[in-house]
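Me: I am new to this structure and would like to learn how to read a few of its features. Could you take me through them one at a time, with the general idea before the case?

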Amino acid sequence: MNDFLKDFRNPEISSMLNNELSKYKDRTYRIMELCGTHTMSLFKSGVRDILPGNIKLISGPGCPVCVTPNYYMDNAVKLAMMKDVIVTTFGDLMRVPGNGKSLLEAKTDGADARVVYSPIDSLKVATENPDKKVVFLSVGFETTTPIVALTVKKAREEGINNFLILSGNKTMPAAIELLAMDKDVAIDGFFYPGHVCSVAGTEYARIISKKYGIPGVVAGFEPVDLLYAILELVKLINEGNGEVKNLYGRVVRDEGNLDAYNTMFEVFKPCDTVWRGIGNIPMSGLELREAYEAFDAWKVFDLKQNIDEKINGCICGEILKGLKEPSECPLFAKACTPNKPVGACMVSSEGSCAAHYKYGRNKNV
Amino acid sequence: MCLGLPGRVVELSDKKCIVDIMGATRQIAADFIKDLKIGDYVLIHAGCAVSKIDEDEAKSTIEIFKELEEVMHE
């Protein structure tokens, strides 16, 4: 495996691919990546810095933490402040502000919020604290949601009745289709999310690309993966037939992971949900099915969702659609920083504003 | 957040799967992967294997890069 990684990080191959890309200088190519890890990898590897100027990379809504709405975080804090509740969460959510405090700030007021690496680790917390209710903050796309579904099923099988989830899970296809339909966004090609595709497969991508005539690639995350995928995507854009190429075959099968995908829909069903910075996208969310409602913190604690939520003061929606650059936001690197984020894209390290802040603030990228 | 790490399966039973991730070992859930064997590489996300890494596919992708390099140097 290490030998493979050496090849996927080979500077000579990277340089060769970039030279080849520089031959395509006749027009501008607007490419949107749809995975936060791609956003980070493109910055961190330096690929973004060396690309020819006519190839424009736009960071779409590919980070599940960034698109989690304010009302979700407000409810998470409310739960964590309850005396008989322990909230468990991925570390990324601890600093996310809602309309009030973040979980990290609430901890100083006595909130019990604990970081777990895996949703399954929450079951151990629940069995060790039988007098408390343990609520896992369940955000994520198709890569993550099957693992939460598995955790809920395990809790039921093992009779762990003090475990619940606060579902804020989302699915990608409806959001990608919204971007494909938006004439202002004017995307030439999609960088489909590699790890979402490892579960969801590539069929949904092929349907969207064909329907809207916007080609796409499924790509890995190493520098050579990224440059090769950009080169292939530029060629597909010139061919203009809305094709999708899977260039991450070592991980992504065209059919996806059916066991994981089916487990997700056995436990969850589609619902409307708000994408922070974008608004409500009908049927792009996931909620627990009736058979699992005893595990549903929204129902058990009678919590309210605000589908009409609006966030004032930042231009996250326009940034997520690639209409504006982070540096065009009046709050960027002033009122809004990674330590005190205001908007969606600065919240997680994989958000486009956070990535621009860390790697591109002083460069013209 | 959708970070995936490659890990090698070092211990496997009906109830338990231990992987080596760059020298660190950890128990993971392997419920979604069929026909797993010791020595297989898997992509791990949030404590669960989501895909088996296909070494032959990795090799053939690298071959494509090498062929491209040869063509461009000609």
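Reply: Let us begin with burial: a residue counts as buried if 20 or more other C-beta atoms lie within 10 Å of its own. Please keep in mind throughout that this is a predicted model.

Me: With that cut-off in hand, which residues are buried in α3(A)?

Reply: In α3(A), the buried residues are A:G36, A:T37, A:H38, A:T39, A:M40, A:S41, A:L42 and A:F43. This helix, residues 36–44 of chain A, is therefore mostly covered, since eight of its nine residues pass the cut-off of 20 or more C-beta atoms within 10 Å. Just after α3(A), A:G46 takes a positive phi of about 90°.

Me: What covers the buried residues of α3(A)?

Reply: The cover includes the strands β1 (29–33), β2 (55–59) and β7 (189–192), together with the helices α4 (47–50), α12 (223–239) and α17 (352–360), of chain A.

Me: How should I read the overall form of chain A?

Reply: One way is to set the radius of gyration beside the value for a compact globule: with 365 residues, such a globule would be near 21 Å, and chain A, at 21 Å, agrees with this. The C-alpha trace of chain A spans about 65 × 45 × 40 Å along its principal axes, and 55% of the 365 residues of the chain count as buried. Chain A has 17 helices and 11 strands, and among its contacts with a separation of 6 or more, 76% come from residues 24 or more positions apart.

Me: How many residues does the largest nonpolar core have, and which have the most contacts inside it?

Reply: In soluble globular proteins, nonpolar side chains tend to be buried together. Here the largest nonpolar core has 141 residues, and those with the most contacts inside it are A:A76, A:A80, A:V87, A:V135, A:I230, B:C48 and B:A49. Helix α12(A) gives the most to this core, with 11 residues, and the core draws at least three residues from each of domain 1 (1–304) and domain 2 (316–356) of chain A. As for A:V135, leaving aside residues up to four places away in sequence, its partners are A:L79, A:V85, A:V87, A:L164, A:I165, A:L166 and A:A297.

Me: How many residues of chain B are in contact with chain A, and which element of chain B gives the most to that side?

Reply: The size of an interface is often given as the accessible area lost when the parts come together. Here we use residue counts: 26 residues of chain B are in contact with 41 residues of chain A. On the side of chain B that touches chain A, β4 (41–45), β5 (48–52) and α1 (55–73) of chain B each supply at least two residues, and α1(B) gives the most, with eight. The residues of that side divide into 17 nonpolar, five polar and four charged.

Conventions. Residues numbered from 1 in each chain as written. Chains lettered and ligands numbered in written order. Predicted model: local features only at pLDDT ≥ 70, side-chain atom pairs only at ≥ 80, totals over all residues. Contact = placed C-beta atoms within 7 Å. Helix = DSSP H or I, 4+ residues; strand = E, 2+ residues; numbered from the N terminus. Nonpolar A, V, L, I, M, F, W, Y, C, P; charged D, E, K, R; others polar. Buried ≥ 20, exposed ≤ 12 C-beta atoms within 10 Å, placed from the backbone. Rg over C-alpha atoms; globule rule 2.2 N^0.38 Å. Core = buried A, V, L, I, M, F, W, Y, C linked by C-beta atoms within 7 Å. Domains from an automatic or database assignment.
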